[in-house]
Amino acid sequence: SPHFMFNVLNNMVSLARKKSDKLEPILIELSGLLRYMLYESDTEKVSLEKEVEYLRSYVNLQMLRFGDDVRVNFTINCSSDGRFIEPMLFIPLVENAFKHGLGRTPYPEISIQLTADTSAVALLVSNSSNPQSTEIKDSSSGIGLNNLKRRLNLLYPSKHELQINESENKFFVSLKIDLT
């Protein structure tokens with residue numbers, strides 16, 4: 001997402017001006033994200049391990065960026081035993097949690113849970129929500145989810161389940177992909 005990249009770069013400029021020790025880890029995380037996006041995800045499938053590492057780097061970068069302003073629970077429960085998946089399927093859901101889950105509530109919280117076994121992989125993402133928020137969505141709102149739905153229908157027809165729900169103060173997304 002260009003918006004994400006510009007925000008990270010602006011934050012890096014601010015950290016550089018302050019001569020902050022946070023600048024180096026942010027540069028390393030950003031470098032890893034870019035390497036994956038440009039070189040490693042340009043294949044039909046990637047190892048689940050690489051996709052998980054990309055998610056981990058993204059979440060780490062966001063945690064460095066927002067610090068104590070957001071509470072993030074990130075759990076991974078899967079072994080890397082040679083499973084492969086199409087790249088960049090999970091990131092729109094995680095990006096949306098950060099994009100829409102911050103600034104709408106006084107104590108934002110994001111939960112990300114990735115599990116995998118020999119036959120399936122599942123991602124559960126939830127974030128704080130405030131349906132009464134007057135925050136104006138940008139013109140690109142909804143594009144990521146629509147693209148993800150199209151990709152899933154093309155890549156995993158009848159082998160995926162995507163559920164999106166919203167309660168009074170939480171937004172939930174569940175994605176399960178059958179890998180058999």
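**View A. Alanine 116 and the pairing of strands β4 and β5.** In this predicted model, alanine 116 stands opposite valine 121 of β5. Strand β4 (residues 109-116) and strand β5 (residues 120-128) run antiparallel and are joined by seven bridges. Strands of a sheet pair through backbone hydrogen bonds, in either a parallel or an antiparallel manner.

**View B. The open sheet.** Five strands, in the order β2-β4-β5-β7-β6, make up an open sheet with mixed pairing. The edges are held by β2 (71-77) and β6 (160-166); each has a single partner strand, so one side of each is left without a neighbour in the sheet. From one strand to the next, the twist averages 5 degrees.

**View C. Helices α3 and α4 against the sheet.** Helix α3 lies across β2, β4 and β5, and runs at about 165 degrees to β2. Helix α4 packs on the sheet, where it touches β2, β4, β5, β6 and β7 (170-178). The direction of α4 makes about 5 degrees with that of β5.

View D. Of the two aromatic pairs in the structure, tyrosine 36 and tyrosine 54 form one that is stacked, at 4.8 Å centre to centre with 25 degrees between the planes. This pair links distant parts of the chain, 18 residues apart: tyrosine 36 belongs to helix α2 (residues 23-40) and tyrosine 54 to helix α3 (residues 48-66). Tyrosine 36 and tyrosine 54 are buried.

**View E. The edge-to-face aromatic pair.** The ring centres of tyrosine 58 and phenylalanine 98 are 5.9 Å apart and their planes lie at 75 degrees, so this pair is edge-to-face. Because tyrosine 58 lies in helix α3 and phenylalanine 98 in helix α4 (residues 91-101), the pair ties together parts that are 40 residues apart in sequence. Both tyrosine 58 and phenylalanine 98 are buried.

Note on methods:
Residues are numbered from 1 along each chain as its sequence is written. This is a predicted model: local features need pLDDT of at least 70, side-chain atom pairs count only at pLDDT 80 or more; totals for chains, interfaces and linings use all residues. Side-chain values use heavy atoms; hydrogens and water are left out. Rings of Phe, Tyr and Trp (its six-membered ring) pair if their centres lie within 6.5 Å; planes under 30 degrees apart count as stacked, over 60 as edge-to-face and the rest as tilted. Helices (H or I, at least four residues) and strands (E, at least two) are DSSP runs, numbered from the N terminus. Buried means under 20% relative accessible area, exposed over 50%, partly exposed in between (1.4 Å probe, protein chains only). Two strands pair if DSSP finds at least two bridges between them. Axes are lines fitted to C-alpha atoms, for helices over the stretch in contact, and angles run from 0 to 180 degrees between N-to-C directions. Contact means heavy atoms within 4.5 Å.
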